[in-house]
Amino acid sequence: MVKMKNLLNGNVWLWERGKFINRRYVIQDLYQRFLDGDEDVLKLPKEEDPFWEPAEDVLIGTANVFLQSLAYALDFDDKITITDFKGNEEGFMFVNVTPCTQNGKALQDEDSFVEDPTELLGKPYHFKVTVRSGEVNKSRYSKGLTVKYKYQNESDYSVSPTIKDTLSPEWNYSRVISIPSVSQDHLDFFESSSIAFQLYGTQVESEADPRLSKLTTKELRQMENMNEQANGLSRRQTGMPGSEPSDEMTQLKSELVLMKRKFERLSKKEARLQDLCKEWFQKPREEQQFEPFLRVVKAVAKYEEEIEEEKKEDILQGQRMIKERQNGDLLKGANSVQGNGTVVKTTKDGKKVEGGSRACIVM
């Protein structure tokens, strides 16, 4: 890309290399004609002037949102930095990406969280992308601000409304993206890719400052360089990121947010399991129904149906212990359990006999 700037009114264009090369040949041809005494080159209409370009929206910068959270059915909501092609900070925007229903309603149920992304394979999946608001540093972009982005291999951009006459736009632009059946390619995209939000500023063909019109191109460029140096010094003094690797920082921040959200969800699950165990042990023995309790624990912990044989045996032993208690087969107060989980039974003649483990293990 080649950046072209009108030094009189500040408008900026980004040209493809091929377009720049074509303009270069036209400029060389016109210059040669001028050297040959052709004065018509001084009276060209602006449509034929290689230095003129109609005003168009300019790319201010981009901001990336990484999608790891979607692989765990978690949302992402944060302020992300907008940087230009040199890595300089141009502002920020608030973006939310959240799993939802097909009609865009956010999933509030804690059970929507998945510990293993492969649980999503083969299932329909929907998430909503919301560009809420932003803040832009340079006042020259107040004429209009628009956000564009594409998801994965989409051919067309999603385009927000253009907000004019402000540097603090409120877009509140939402879109629901639906995946009929999640594949491994989708999970790989969630884990390693991002959505690039492009911020465009509206430019208009404005009249140049009469004082600038009297300056030569060399003088205008010197003035421009002085302004850029002053802005760079100001950025260093205020601690602005400048040319730091913003994408890497954004990705690290996204991963940190994901880990925090996963920790919060798992902490809630752990607290719920502890509450269930306390409620069960506080019940009278005759009300301690083990099988309903196990079903609730499995539902909260999202147990897999295939349980290791050793754990199965422990659960079956626990079931037998509860049934024995409920049926009154054990002598009340006559049996005890050692610290290693071994049940010590007292027979009718008063002898103590060690039985097998009766520990119910909840992993």
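Buried means under 20% relative accessible area, exposed over 50%, and partly exposed in between (1.4 Å probe, protein chains only). The model is predicted: local features need pLDDT of at least 70, side-chain atom pairs count only at pLDDT 80 or more, and totals for chains, interfaces and linings use all residues. Residues are numbered from 1 along each chain as its sequence is written, and side-chain values use heavy atoms, with hydrogens and water left out.

View 1. Strands are DSSP runs of E, at least two residues, and helices are runs of H or I, at least four, numbered from the N terminus. Gln198 has a relative accessible area of 16% and is therefore buried. Beyond four places away in sequence, Gln198 touches Leu59, Gly61, Thr62, Thr146, Val147, Lys148 and Tyr157 (contact: heavy atoms within 4.5 Å).

**View 2. The largest nonpolar core, of 42 residues.** Such a core is a set of buried Ala, Val, Leu, Ile, Met, Phe, Trp, Tyr and Cys residues joined through side-chain atoms within 4.5 Å. Met93, Phe127, Phe190 and Phe197 touch the most other members. Elements giving two or more residues to this core include β3 (58-66), α2 (184-192) and β10. The most, 5 residues, come from β6.

**View 3. Helix α1 (residues 17-35) and the residue Gly37.** With 19 residues at 1.5 Å a residue, α1 should span 27 Å, and its end C-alpha atoms are 27 Å apart, which agrees; the expected span is 1.5 Å times one less than the number of residues.
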